[in-house]
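This report looks at a strand pairing and at a group of aromatic rings. Please keep the sequence and the 3D view at hand while reading.

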Amino acid sequence: MLPAAAETGVASPTVSRHLPVLRNCVQAGDVTVLVTRCTRPEQPANGCLLLLTTRRLVVTQQTRLLHRLRLHLNTELRHLNNVAWNPDPRASVVELAATAVDGVRERFLIRASRPSQMWQLDALFSQVFRPRMAARSRVAAAAPVDRPTVLGTSHEPRPVPALAATPPARLTAPARVPRLSPVVAA
């Protein structure tokens with residue numbers, strides 16, 4: 001984690017402070033891809049630390065008054081939908097946006113110290129997220145599309161009523177099973 005943080009200019013005491021929270025979220029075999037500071041557009045004053053691994057996205061947040069750490073987002077990459085990133089060369093910022101499992105659209109602004117770092121972030125996000133988005137689109141293309149059928153049209157097939165998954169209940173009483181008497185060996 002520390003080499004990835006050094007690439008983006010995050011101080012090691014900052015990473016060490018967030019490390020206990022991050023270790024609880026990331027498995028030992030996960031490869032760290034990015035550790036950087038970020039902000040949320042709806043709360044620009046509160047700074048966050050973003051950790052991106054090959055499998056997870058974790059964002060921790062530090063409160064302003066008491067400097068307590070809290071976990072803002074901890075999710076697997078496969079659970080993120082509509083992932084998009086937008087590099088803005090004028091402001092040297094990359095905006096990362098994704099929809100989490102609970103349906104909340106999360107947005108993070110990552111400030112780059114130089115323009116080349118901004119394009120490195122863009123390439124890194126492409127490397128991490130593009131294969132997942134391509135795989136998701138292939139699965140969506142292979143899945144059949146459910147179209148509602150309209151009764152009475154000749155070009156649409158008529159719906160077939162579904163068969164019951166369980167057999168109907170028996171209307172007659174079950175046959176009696178004779179009782180077995182114990183055999184005593186003599």
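Is F129 buried or exposed, and what is its relative accessible area? F129 is buried, with a relative accessible area of 3%. The model is predicted, and this value is computed from it.

**Aromatic rings**

The structure holds three aromatic pairs. One of them joins W85 and F129. W85 belongs to strand β5 (residues 81-88), while F129 sits in helix α3 (residues 115-142). The pair therefore ties together parts that lie 44 residues apart in sequence. Both W85 and F129 are buried.

F129 also pairs with F125. Here the two partners share an element: both lie in helix α3. They are four residues apart, about one turn of the helix. F125 is buried too, with a relative accessible area of 0%. That value falls under the 20% cut-off for buried residues, so F125 counts as buried.

A pair of aromatic rings is described by the distance of the centres and the angle of the planes.

| Pair | Centre to centre | Angle between planes | Class |
|---|---|---|---|
| W85 and F129 | 5.9 Å | 35° | tilted |
| F125 and F129 | 6.1 Å | 40° | tilted |

Why does the W85 and F129 pair count as tilted? Its planes are 35° apart. Stacked needs under 30 degrees and edge-to-face needs over 60, so the pair is classed as tilted. Together, W85, F125 and F129 form one aromatic cluster.

How do strands β3 and β4 run, and how many bridges join them? They run antiparallel, joined by seven bridges. Strand β3 covers residues 56-62, and strand β4 covers residues 69-76.

V58 stands opposite N74 in β4. T60 has L71 as its bridge partner in β4.

The two strands form a hairpin, with six residues between them. In the turn, H67 has a positive phi of about 55°. Strand β3 is mostly covered, with six of its seven residues buried.

Conventions: Residues numbered from 1 in each chain as written. Predicted model: local features only at pLDDT ≥ 70, side-chain atom pairs only at ≥ 80, totals over all residues. Heavy atoms only, no water. Pairing = 2+ DSSP bridges. Buried < 20%, exposed > 50% of the residue type's maximum accessible area, 1.4 Å probe, protein only. Phe/Tyr/Trp six-rings, centres within 6.5 Å; stacked < 30°, edge-to-face > 60°.
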